[in-house]
Amino acid sequence: MTETPFKGKVVKTSVRKKDSMALSQGMPLYVADLDIKPLIAKVLRSPHAHAKIISIDAGEAEALEGVHCVLTHKNTPRNFHTTAGQGFPEPSPYDSVVLDNKVRFVGDRVAAVAADTKEIALQALKLIKVEYEVLDAVFDPEKARDPDAPQIHDEEEAHMPIPVFYEKGSNHVSHTDFAFGDIDKELENSDYTFERRYDTQYAQHTPIEPHVCMAYFDDQDYNIDQESGPRVTVRTSTQVPFHARRITAQALGIKEKNIRVIKPRIGGAFGTKQEVLLEQLTTLLALRSKKPVLLEFTRKEEFISSRTRHPYTVWLRSGVMKDGKITAIELKVLSNTGAYGSHGLTVMSNAGSKSLPLYHMNAVGFIGDTVYTNLPVPGAYRGYGATQACYGMEVLISEMAEKIGMDPAEFRQINHIQEGEGSPVFKALGEGTEGVEQTIKSCKLDDCIEQGMAEIDWKNKRSKPGDDPVKKRGLGMAMLMQGSAIPKIDMASAYAKMNDDGSFNLQVGAADLGTGSDTVIAQIFAEVLDIKADDVIVYSSDTDLTPFDVGAYASSTTYLSGYAAKLTAEKIKKQILQVGAKMLETDIGELYLEDKKVCQHNGGSLTFSQVCKFALYAEDQFQIQATASHVSDESPPPFAAHFAEVEVDTETGLVKVIKYVAAVDCGTPINPKLAEGQTEGAVMNGISYALTEEYIFNDKGKMLNPSFNDYRIFSMADMPEMKTILVESYEPTGPFGAKSVSEISINGPMPAIANAIYDAVGVRLYKAPFTPERVLNALKENK
Amino acid sequence: MELNVTINGEDREFFVDPGMLLLDFLRSEGYLGVKNGCSEGTCGSCTVLVDDKPLKSCIMFVGQVQNKKVLTIEGLGTPEKPHPLQDEFVEEGAVQCGFCIPGMILSANALLITNPDPTEEEIKEGLDGNLCRCTGYVKQIKAVKNAAKRMREEN
């Protein structure tokens, strides 16, 4: 089944990322850098975790000099939508309006102001008089469905836009389950059985640029007839320009044609900018004030009022035979989606679909539930629910191996999914509904494990805590999978045209979040036409000027948008050959493309410039141009084996990661340096998530640490020695053999470090993050 | 107050509110490579060099740079003739979203001014005040090493 690795001229070379020189020069390419003096918008936030707004009086704020617009629930449209930023119809509940008469977490939005300056806007917020009726709140997801728990969404209109489970009366956002085989019977017949519980925490993406959105009136916006109403350009830090346009239009009750969304360069996203959160307010403030408006989240707002990772409680039941055969695994997940149900169903489903197919077993089961609580709102976050489940799964796998006295690496080697195999889980779990059956066509897990073991020196260093009486060393590993795009749902498209000098404009809806997708897509396009990536001028993410793309999520851009670019290039290639054949008076079959030329087997050639000029100016004139769309029938998983070496200080409980190895099978790495960069960034975020990142709440549901001083993400000084190994495979359904790479590696550090801590000091940690306090407590309990 | 300051090698005079934040002042004057990531002096995207020292402009008043020398990223190189740090950051793939990069390159520049041949540990220490969420820092360290080497060879 395995094809030989792809060897390309442009693909698989680390060409410079197209925007990186401009960005390293500090050029003004981000949302807030636009040369416009906008009104500054600020949002009034709820001090209560759950309250009805009895009255709200914005009179004094509106009267303040310099204030141009104040929005409250009283003067904003009440169109129920989800902010999730997914395809239509979304698998997330319509439980949000622009501004509501009820608040559901500390930090929920109450009102918004646009004023001449930030100071005036902040002063105006203070002048808005709000009377609340404080309601009981629920913070514990295990109590959210109790009969006496307060109903967080009691509004009649809240509903699921697709026919799936949704019981808002009991705060029960979603439920899904399946079982293949008889789990109980398999467990009964197992040599050893396990029942474990694992808890993960609230954590945030912390893009260094917080959410930001500017709405203004561009020259083009006046080119619309009066009956259609005003038109506004929304320049926003989004992962999903087309969904952002659709959802903003839906929320405000206006037409898509009245909105143009542009994603310029954005300062990191990691899932939180899939959410359509600022666009509704900013657009409405601009339309009402008839002036440009800028809304920027502060770091505090980014923590409390943007989106987070869904905290999970995971219960696992499993069985194993002495020979290493896994009999059954049942994964049960309780996901806390906070005050709104954004991504509540699909993140929870991903817990099963991106972890259970990794292993062979006789019986497999999944039970997933998502509940509302009066806490900040989780959403999409790199890893998308697989991360949290992977922690428990991969710790349990190591524990099972230990029980039967087998090396955990060997245990994984004999049990992992192979090329040519499928899993019933693929069909059972999809985007809220049934999934898509698939057979694995590329999987180099054996090589990932072997190469990773060699790099970390697994055989020599494992289970050797060392002679130091205080500081103990240990090794741990984890095995991972993700997906590449959402099969049969996600669509990407591209358009390209040829220029006089033989260069091309390539327009894609895909959204480059800093990942380098503009460059990677250009490389794929260039490979088809045998030109340099420099000859491809990429313009992306503009709803007026680029064709549709679902946007950057579900690890889709290289695999899906890259494929659309490849199809487009193939159409262009055909046209170039046709023109070339006419010019050279020969058959297409006699011609091939090389080095930006149409070449004849007998030695003649034409430059692309000659071909283009002929097509534009000479005979049977036409523009060499093409467009293509692409939907994938499957979602091939990238695979990875991660290894961590840690040192645990048994006196302080401090865990230090000494070395981290990530061996990743992402198919063909289109741009190896960028693929490594995706891996290194995901690993670093994962390490920080495993060791320090955590929301601290008081008993009123208020987050107490919304700053980088108190919520620590890892800096350069915290880094371990890091090694990324790209283990190449060839995925036949991807462009030039590529699969995804951006998300998978965030899933590894938490379980790999937990397993390494066990190897060092013999304690298993069932609750993350692994702070000194938790490690010390675990050590004490173990004594 | 009347502010006399050298920005990117150019002597400038302004009339400013001394209590204005240096970050806001620089951005309002068009130095948009100075980024605001946290407003609390922790992320480092607003880093500028004041008399060759990397400082967080989001927690400084503009009055504090009276008669001083300020370097922003705009003063470091041009796309046609990039500073070796900029060139190496690009070559190594150390720039992902790029939001932290101007601050990080300025911190690296300050480091190399005082220490032209830093060890890996010294690079980590020198750039510790600049948070990046995209890259995992691996390629940035490599880029600083490469740039230091090039700059030593050029001198």
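A:V130 is found in strand β6 (residues 129–134) of chain A; here helices (H or I, at least four residues) and strands (E, at least two) are DSSP runs, numbered from the N terminus. This is a predicted model, in which local features need pLDDT of at least 70 and side-chain atom pairs count only at pLDDT 80 or more, while totals for chains, interfaces and linings use all residues. Residues are numbered from 1 along each chain as its sequence is written, and chains are lettered from A and ligands numbered from 1 in the order in which they are written.

Back to that valine. A:V130 is partly exposed, with 19 other C-beta atoms within 10 Å; a residue is buried if 20 or more other C-beta atoms lie within 10 Å of its own, exposed if 12 or fewer, and partly exposed in between, with C-beta atoms placed from the backbone. Not counting residues up to four places away in sequence, A:V130 touches A:I53, A:I56 and A:V110, where contact requires C-beta atoms, placed from the backbone, to lie within 7 Å. The C-alpha atoms of A:V130 and A:A58 are separated by 8.6 Å, although the two residues are 72 residues apart along the chain.

Strand β5 (residues 109–115) of chain A pairs with β3(A) in the antiparallel sense over four bridges; two strands pair if DSSP finds at least two bridges between them. Within this pairing, A:L71 has A:A112 in β5(A) as its bridge partner. β3(A) is mostly covered, with five of its five residues buried.

Strands of a sheet pair through backbone hydrogen bonds, either parallel or antiparallel. In this open sheet, three strands follow the order β20-β21-β22 (chain A), and the pairing is antiparallel. At the edges stand β20 (591–594) and β22 (605–607) of chain A, each with a single partner strand, so one side of each is left without a neighbour in the sheet. Direction ignored, neighbouring strands of this sheet are turned by 25 degrees against each other on average. Strand β21 (residues 597–600) of chain A is joined to β22(A) by three bridges, and A:K597 has A:T607 in β22(A) as its bridge partner.

Two helices lie across these strands. Helix α15 (residues 557–584) of chain A lies across β20, β21 and β22 of chain A and runs at about 120 degrees to β20(A). Helix α16 (residues 608–618) of chain A lies across β21 and β22 of chain A, at about 75 degrees to β22(A). For such angles, axes are lines fitted to C-alpha atoms, for helices over the stretch in contact, and the values run from 0 to 180 degrees between N-to-C directions.

Some backbone angles also deserve a look, and the table lists them.

| Residue or bond | Backbone feature | Angle |
|---|---|---|
| A:F88 to A:P89 | cis peptide bond | omega near -10 degrees |
| A:A768 to A:P769 | cis peptide bond | omega about -5 degrees |

As for where they sit, A:P89 is in the loop between β3 (67–71) and β4 (102–103) of chain A, and A:P769 is in the loop between α18 (749–761) and α19 (772–782) of chain A. A:D530 belongs to the loop between α14 (517–529) and β19 (536–540) of chain A and is partly exposed, with 19 other C-beta atoms within 10 Å. B:S39 lies in the loop between α1 (22–28) and β3 (47–50) of chain B and counts as buried, with 20 C-beta neighbours inside 10 Å.

That brings us to chain B, where 41 residues are in contact with 45 residues of chain A. Elements giving two or more residues to this side of chain B are α2, α3 (101–114), α4 (120–126) and α5 of chain B. The largest share, four residues, comes from α2(B).

How do α2(B) and α5(B) meet, and at what angle do they cross? The axes of α2 (residues 84–91) and α5 (residues 138–154) of chain B come within 8 Å and cross at roughly 140 degrees. The two helices are therefore oblique to each other, since angles under 35 degrees count as roughly parallel, over 145 as roughly antiparallel, 65 to 115 as roughly perpendicular and the rest as oblique. In α2(B), B:P84, B:L85, B:E88 and B:F89 meet residues of α5(B), including B:A143, B:A147 and B:M151.
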